[in-house]
Amino acid sequence: MIGRLLHRAFRANETAVHELNYLFWECTTRCNLHCRHCGSDCFAASRDVDMPLEDFLRAFDTIPAGERARPFTVVLTGGEPLLRPDLPEIGRSLRSRGVGWGIVSNGWLYDAAMHARLSAAGLGALTISLDGLEDSHDWMRGRAGSYARALEGIRVAAADPRVNFDVVTCVNRRNLSELDALYGTLSGLGVRQWRIFTVIPIGRAAGDPDMQLSDTEFVSLMEFIKTKRREGQAMKVVFSCEGYLGPYENQVRDVPYFCHAGINIASVLVDGRICACPNIDRDAFSQGNIYTDNFYQVWQERFQPFRDRRWTRRGRCADCRVWRDCLGNGMHNWHGSCAEVLNCHYDKIQSA
């Protein structure tokens with residue numbers, strides 16, 4: 001109990017200070033795949049024009065250099081950021097400001113030549129997705145050959161110790177039984193960290209029964225992660241920050257659950273909207289727009305739904321005995337009318 005109280009105090013202090021140190025840039029919504037679980041509903045020919053680099057930098061430069069967190073990381077996401085031909089220029093522009101940068105990629109275009117180009121521009125962090133063995137991954141990603149291309153990108157990235165690299169896997173009912181085999185594949189390639197998450201029923205995943213784990217399946221996932229962490233192998237396995245896990249908190253993560261969205265994390269979306277993590281409901285929770293507002297002023301003065309979560313005490317959260325530790329789960333679990341949290345991880349564990 002003392003540990004939980006200390007964590008609550010830490011979280012309250014972080015919220016009061018709300019130091020921005022991690023910024024997502026949705027630099028494109030173009031994508032070369034058609035993933036079943038895409039929350040942004042991206043296509044190869046996006047209706048959104050890629051945001052020009054100068055527009056993003058103009059917004060970023062509203063953060064006074066003397067008030068900028070150290071370290072500070074900008075992560076390019078999409079869509080598929082590797083579809084932008086100007087990534088090296090983007091990287092150099094961020095590095096010239098003393099900022100680290102990284103990308104989240106499906107891996108299709110990530111090969112040795114791409115790695116060399118981006119490394120020369122100061123790439124510091126990289127995440128590549130692998131969502132099962134070959135058939136399951138290609139089914140999930142909607143394009144044959146996706147598994148082979150992602151695996152090649154993983155092989156290249158894992159061989160370079162200079163890059164903070166991890167692999168993420170979106171666990172669903174089809175690939176749950178493949179996790180042991182996938183663990184062997186990734187550890188054999190020298191991957192140092194494997195991050196696992198589950199699907200929120202939004203975007204294309206809404207209403208897709210193959211995407212949602214049952215309560216029993218969810219607990220089996222927690223047991224898998226717990227076991228792999230106890231084995232102490234070279235590749236660390238962690239569950240993402242998507243929700244409060246009750247008795248599994250100290251067994252599947254390095255640190256207790258804390259949704260940093262709007263507290264340390266913001267995003268600039270492709271149309272200029274200012275939000276927190278890109279998967280959070282942008283219509284309900286965007287706080288401004290870089291084309292009409294001062295980005296840093298928005299960060300300092302708005303984001304109240306993220307920093308005062310008492311509004312989440314509704315629906316199944318109204319009388320929850322662990323609400324003070326959960327605060328209504330991750331913010332990306334509140335979509336649409338926000339009348340009810342979409343997924344409750346704690347409830348899954350208690351019900352299994």
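In the predicted model described here, Asp166 counts as buried, at 8% relative accessibility; buried means under 20% relative accessible area, exposed over 50%, and partly exposed in between, with a 1.4 Å probe and protein chains only. Residues are numbered from 1 along each chain as its sequence is written, and side-chain values use heavy atoms, with hydrogens and water left out. Because the model is predicted, local features need pLDDT of at least 70 and side-chain atom pairs count only at pLDDT 80 or more, whereas totals for chains, interfaces and linings use all residues.

The side chain of Asp166 meets that of Arg195 in a salt bridge, at 2.8 Å from N to O. A salt bridge is taken as a side-chain nitrogen of Lys or Arg within 4 Å of a carboxyl oxygen of Asp or Glu. Arg195 lies in strand S6 (residues 193-198) and Asp166 in strand S5 (residues 164-171), so the pair ties together parts that are 29 residues apart in sequence. Helices (H or I, at least four residues) and strands (E, at least two) are DSSP runs, numbered from the N terminus. Arg195 is partly exposed, with 28% relative accessibility.

The count of salt bridges comes to 26. One of them joins the side chains of Arg141 and Asp131, at 2.5 Å from N to O. Arg141 belongs to helix H5 (residues 134-141), while Asp131 sits in the loop between strand S4 (125-129) and H5, so this pair links parts that are 10 residues apart in sequence. Arg141 is buried, with a relative accessible area of 8%, and Asp131 is buried as well, with a value of 1%.

A further salt bridge pairs Lys348 with Asp215, whose closest N and O atoms are 3.8 Å apart. Here helix H14 (residues 345-351) holds Lys348 and helix H8 (residues 215-231) holds Asp215, so the parts tied together are 133 residues apart in sequence. Lys348 is buried at 13% relative accessibility, whereas Asp215 is partly exposed at 28%. Salt bridges with shared partners also join Arg4, Arg8 and Asp325 into one network.

The largest nonpolar core has 92 residues, of which Tyr110 and Trp194 touch the most other members. Such a core is a set of buried Ala, Val, Leu, Ile, Met, Phe, Trp, Tyr and Cys residues joined through side-chain atoms within 4.5 Å. Leaving aside residues up to four places away in sequence, the contacts of Trp194 (heavy atoms within 4.5 Å) include Val167, Leu179, Tyr183, Phe224 and Met235. A second, separate core of 6 residues includes Trp139, Cys170, Val199 and Met211.
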